[in-house]
Amino acid sequence: MLTFTKGATWPCTGYRTTCPPAMLTLLENAWHSRPSRRPRNGPDQLPTRSLEDLLTLIDPDITAVHWNPRDPAWIRARTEVDPDLLLIALSAWASSRVAPHLPDTDWYTLLENAGQFDWAADDLDLADHGLHPNGTANPQNHVFDLLPSLAAEHVTTTGLQLLGHQRDLRLGPTRADGRRTLHLGTPETLIDDDGAAGASVDVLTFHLEKVPGVSEIHLHVNLSMTRLATHPVDYIPRRGYGDPTISVLLSAKDGFVHGHERPMLLQSAVTIRSRGDRSEWSWQPGAAEILARLTRHQPPSLEQLRTAPGDAAGQPFAAHIVHSTGMTYRYPDSADSPPARATHEHPVGTGYQPRDHMEILTQVAQQLEDKGLRPLTPNRKAATRSKARLPLELPITPTYSLEAWATSDRTWDALLTAAATKLGLTPTEPTTSTAAHLTGPINLTLHRRDPGSLTAGLPRSTDTDPAARRVAYEKSEAERAAQLAEAFPRLSEPIACIVEMEGPAYFSRTRQRDPKPFFKKVLPTLRRNVQCLRPVAPANPNPTKAALAKRFPGTDFSTTDIERAASALNDALRQAGHLPKLPLPRGIEGPFELITLWLAPAGERIVPILIRQHTDAPPSAQLMPTPSHPTEEPMPLTALPEALVAGRGRISLRSSRAALADFITQALALDSTANRLLLVRRARLSEHGVWPWLQDSRITFDELVLPGIDMKDPEVTPTARKPGDHPGLRVIRLREASDREAVPRAFGVTWEMAAGQDDESGEPTQVARYGRFSGIVEIAERAFWGVNPRSDQNQTSLAITKLDPAQTLNRTRTCSNPASLEIIPAFLQEGDDPADWAMYAHAQRRLHAHTTIATTWPAVVHLASLMDEYIV
């Protein structure tokens with residue numbers, strides 16, 4: 001992270017303009033006239049995302065493009081832009097994106113006659129900003145729009161060396177939130193020792209962020225990686241219930257349109273529609289179809305992209321398929337290669353080492369030093385009296401009963417082996433092919449059930465009519481649900497059920513629908529919470545030496561299979577209620593309650609989930625009342641999946657904002673004097689007027705403003721409640737790294753004395769050693785970053801770097817970059833130590849019985865987030 005030095009200035013001289021009103025009216029009328037127009041909940045705005053990319057591309061003097069053409073600073077530029085160039089871009093955008101249903105329209109002439117662009121001088125200082133009343137930095141909107149983009153452009157212009165190697169830099173598109181990406185070179189192909197192939201490129205993302213109570217603005221420079229396909233894609237994971245899609249990066253080394261445009265990569269997308277044995281690829285509306293009308297090159301061929309993505313990436317107008325988690329690729333067909341159906345995953349591993357991140361920060365800081373930016377002063381770990389590892393106290397020899405829907409003996413035997421070796425359980429009775437009774441830290445009964453063909457894939461309709469496909473799918477699901485209910489009647493109490501089921505790639509390859517979402521929706525109605533497990537492969541009768549080394553000791557199972565089986569058992573026990581007891585925070589005696597509110601997405605609605613965990617009782621859950629279910633009482637956490645799949649608790653944020661605010665207020669228990677802590681996620685709650693007090697610019701420590709109060713209304717004076725008004729109440733706000741990536745990664749830096757290589761005197765000098773630490777880092781009086789330790793499964797040597805082009809095989813390694821969690825103790829009682837409470841929240845990220853890997857969220861919040869999978 002970088003911030004401005006005291007007294008620094010970054011003058012930005014230029015011009016701004018808005019879209020001429022008559023021109024905008026012309027475009028909006030055409031957009032609203034398109035056939036089969038579907039009404040939307042909000043305003044039907046022009047599709048300007050692709051226009052922003054196009055305008056930023058065609059003229060290097062354009063510094064920013066706002067998403068709203070009515071904004072007075074719709075386009076910002078260093079000089080007045082050639083109007084002819086703007087009209088060409090607008091015409092191509094209008095004909096391909098706004099009004100493709102009007103193919104014979106002469107958009108250039110119409111727009112030219114609709115008005116002229118009026119440019120106004122626009123001189124700014126990007127380092128200048130004020131403060132919000134709570135002391136948080138308050139930069140103007142143009143700073144968010146311009147500073148990341150101009151910083152990325154400045155680094156591109158001045159050049160960047162990493163580990164002594166000059167990088168060929170390429171800008172990515174600006175984004176509506178002001179972010180700007182910078183690609184550190186062109187994609188490079190890597191083939192690993194097993195023959196798997198793929199390309200990758202390092203990427204920097206510049207963006208501006210604030211921290212509550214901190215007067216500085218922070219320029220984040222995030223290092224990430226884009227992985228790209230070089231072989232035909234065999235399996236594309238489906239996100240949601242629509243057709244699968246892939247992202248495609250577009251590039252042209254010599255320019256798409258003319259030679260003096262800025263070198264950039266643009267992003268488009270392709271939809272893959274499977275109809276029986278056919279697979280149809282089509283461009284989604286966006287940059288690809290617009291550039292196809294403007295470019296002097298042959299546009300990318302979707303057939304080439306599908307069958308030979310490596311060749312498509314080598315064309316003058318190049319298209320690169322972006323790898324996403326779960327994708328697999330076919331090996332090339334040749335005499336020496338495996339059969340055509342053999343597949344591989346991407347050979348490039350994710351993540352970077354701390355030294356890579358610090359190298360980026362050091363070199364970028366040098367390039368931006370003349371702009372008045374400097375790296376933040378490193379912070380040490382916060383001094384706290386709370387324990388970094390809370391005691392894991394589990395129920396004493398509890399009894400659980402699980403079902404295992406295992407069709408194969410091999411999977412059943414793997415579960416029994418995992419129970420004995422990983423969970424430390426021993427049989428109390430002879431194990432049969434249908435049941436196992438085990439004891440140890442817990443008493444466990446595994447009932448084996450044979451689902452037969454009920455776990456097979458669901459049929460995929462080949463009908464081209466979406467309504468007909470939907471009817472066919474509903475019919476097949478209703479039939480399968482009736483068969484399940486007949487074979488496995490509803491139980492009297494909820495249990496957990498391990499279902500042996502093939503993975504998504506198998507069902508995609510066999511042209512069937514993946515039944516996992518269907519099982520998540522149906523089995524809870526039969527009082528069975530679902531945990532899926534892919535079948536365990538049969539033992540290899542002629543194992544190689546390498547395969548033998550990967551076997552679990554004393555068995556013919558692979559270690560991976562036993563780990564998967566143990567994970568399934570642990571997750572099933574979690575869903576059966578096997579959870580640690582809630583430990584007390586430091587300084588608290590007697591009863592204590594931990595509360596969290598999770599807003600789970602449900603299409604256009606949300607599901608508020610309230611979970612309470614008490615020191616003297618197991619966790620309970622509660623949903624919001626709705627017209628269809630006007631009374632909602634607290635329920636055991638194990639019963640929550642059944643309520644969620646029944647559709648209970650779903651509300652419209654637009655019409656139920658006041659009711660949601662009241663629901664949160666009741667969770668605070670304002671009249672209680674018991675010690676209690678509310679852990680609340682910033683995302684969604686601080687937006688849409690639900691709880692504005694949680695926003696960075698409005699949160700005032702130890703001055704609580706209740707949910708639902710409009711803090712923007714000048715006629716409303718919010719009542720600030722003090723800790724003494726609500727004894728025992730504490731509120732901690734959480735923000736994760738994926739929430740606009742506002743939270744940076746944190747690493748440890750130590751200094752060691754070593755002989756300098758270029759020092760003839762041989763005197764020792766200080767050398768930085770970059771490593772990792774876990775715990776909390778204090779970044780402000782009430783702001784902390786919680787850093788998780790590396791998992792036992794990922795211990796790649798810290799000496800490895802992925803930024804050295806001479807060490808290409810290092811890119812096959814997967815490096816652990818634990819995500820930081822921003823912890824803001826916003827409302828505490830008198831005498832409370834903020835660092836102690838921050839550590840208590842952070843330590844709960846490792847308070848789990850079902851996993852040894854630290855989670856993104858504290859335990860009770862993590863349990864709430866896991867319920868998303870039952871909302872379908």
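Me: What makes Trp857 count as buried?

Reply: In this predicted model, Trp857 has a relative accessibility of 6%. Buried means under 20%, so Trp857 counts as buried.

Me: Why is the pair of Trp598 and Trp857 called edge-to-face?

Reply: The ring centres of Trp598 and Trp857 are 5.7 Å apart, with the planes at 80°. Rings pair if their centres lie within 6.5 Å, and planes over 60 degrees apart count as edge-to-face; the pair of Trp598 and Trp857 is therefore edge-to-face. Trp598 is in strand 33 (residues 592-602), while Trp857 is in the loop between helix 18 (834-843) and helix 19 (859-865).

Me: How do you know whether Trp598 is buried or exposed?

Reply: The relative accessible area of Trp598 is 5%. The limit for buried is under 20%, so Trp598 is buried.

Me: What places Gln844 in the buried class, and which residues are in contact with Gln844?

Reply: Gln844 has a relative accessible area of 0%, and buried means under 20%; Gln844 is therefore buried. Gln844 is found in the loop between helix 18 and helix 19. Leaving aside neighbours within four places in sequence, Gln844 is in contact with Leu390, Leu582, Leu594, Pro858, Ala859 and Val860.

Me: Why does Asp450 count as exposed?

Reply: Asp450 has 58% relative accessibility. Exposed means over 50%, so Asp450 counts as exposed. Asp450 lies in the loop between strand 28 (443-449) and strand 29 (458-459). Leaving aside neighbours within four places in sequence, Asp450 is in contact with Thr407 and Phe488. Phe488 also belongs to a cluster that ring pairs form with Trp405, Phe518 and Phe519.

Me: How many aromatic pairs are counted, and what makes the pair of Tyr506 and Phe507 edge-to-face?

Reply: The count comes to 11 aromatic pairs. For Tyr506 and Phe507, the distance is 5.3 Å centre to centre, with 80° between the planes. The cut-offs are 6.5 Å for pairing and over 60 degrees for edge-to-face, so Tyr506 and Phe507 form an edge-to-face pair.

Me: Why is Tyr506 called partly exposed, and what class does Phe507 have?

Reply: Tyr506 has 31% relative accessibility. Phe507 has 2% relative accessibility and counts as buried.

Me: What makes helix 10 roughly perpendicular to helix 15?

Reply: The axes of helix 10 (residues 409-421) and helix 15 (residues 559-575) come within 8 Å and cross at roughly 75°. Angles of 65 to 115 degrees count as roughly perpendicular, so helix 10 is roughly perpendicular to helix 15. Residues making the contact include Ala414, Leu415 and Thr417 of helix 10 and Ile562 and Ala565 of helix 15.

Me: Where does the charged end of Arg513 sit?

Reply: The charged end of Arg513 sits over the ring of Tyr473, 4.0 Å from the ring centre. The distance limit is 6 Å.

Me: How many disulfides does the structure hold, and are Cys12 and Cys19 buried or exposed?

Reply: The structure holds zero disulfides. Cys12 has a relative accessible area of 13% and Cys19 has one of 5%. Buried means under 20%, so Cys12 is buried and Cys19 is buried.

Definitions and conventions: Residues numbered from 1 in each chain as written. Predicted model: local features only at pLDDT ≥ 70, side-chain atom pairs only at ≥ 80, totals over all residues. Heavy atoms only, no water. Disulfide = S-S within 2.5 Å. Buried < 20%, exposed > 50% of the residue type's maximum accessible area, 1.4 Å probe, protein only. Phe/Tyr/Trp six-rings, centres within 6.5 Å; stacked < 30°, edge-to-face > 60°. Helix = DSSP H or I, 4+ residues; strand = E, 2+ residues; numbered from the N terminus. Lys NZ or Arg CZ within 6 Å of the ring centre and 35° of its normal. Axes fitted to C-alpha atoms, helices over the stretch in contact; angles between N-to-C directions. Parallel < 35°, antiparallel > 145°, perpendicular 65-115°, else oblique. Contact = heavy atoms within 4.5 Å.
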